[in-house]
Amino acid sequence: VSSSNPDAANLIFRKLRSLELSVFAVNPRTKEVEGEVCHPNLSSLPSIPEGVIIASPPQSAKPIIEECLQLGIKYVWLHSSVNQGSFEKEAIKFGEDHGLAIIQTGCPMMYYSPVDFGHKCMKWVLQLTGKIPRK
């Protein structure tokens, strides 16, 4: 989870940890997240993850995607909520042009049980509008 949006990122981080998934916090501006070591970048992680959830401002997306490509990470989720989230059109095109599988709508919290009411509503609206992530 790469973030400068502590609310969304911390929620996702806590949820993934509660499911006993291997998850790392990444943020160059802090050394600790939720009592765990926070890494300054993806290259500093103890192991290379299969995927990355980006929950940071849109201008941060492309450099993170570039680092994913350098490390051979193939899956990226650009977190979004009621605002723009991490969505950045140029970063998405760049990543997809280089073979990354990129989800650019919604939040991973829509899929990890138990799903809270707000994320159930988000998933329902995205399904209704045909914008639910299908990758």
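**Close-up views of the predicted model**

A search of the whole structure finds 0 disulfides (pairs of cysteine sulfur atoms within 2.5 Å). This is a predicted model: local features need pLDDT of at least 70, side-chain atom pairs count only at pLDDT 80 or more, and totals for chains, interfaces and linings use all residues. Residues are numbered from 1 along each chain as its sequence is written, and side-chain values use heavy atoms, with hydrogens and water left out.

View 1. Cys107 is buried, at 2% relative accessibility. Cys121 is partly exposed, at 30%. Buried means under 20% relative accessible area, exposed over 50%, and partly exposed in between (1.4 Å probe, protein chains only).

**View 2. The largest nonpolar core has 17 residues.** Such a core is a set of buried Ala, Val, Leu, Ile, Met, Phe, Trp, Tyr and Cys residues joined through side-chain atoms within 4.5 Å. Leu42 and Val76 have the most contacts inside it. Strands E5 (51–55) and E6 (75–78) and helices H2 (58–71) and H3 (89–97) each give two or more residues. H2 supplies the largest share, 4 residues. Helices (H or I, at least four residues) and strands (E, at least two) are DSSP runs, numbered from the N terminus. Another core, of 16 residues, lies apart; Ile12, Leu16, Ile103 and Met122 are among them.

**View 3. His39 sits in strand E4 (residues 36–39).** His39 is buried, at 13% relative accessibility. Beyond its neighbours within four places in sequence, His39 has contacts (heavy atoms within 4.5 Å) that include Phe24, Pro28 and Leu45.
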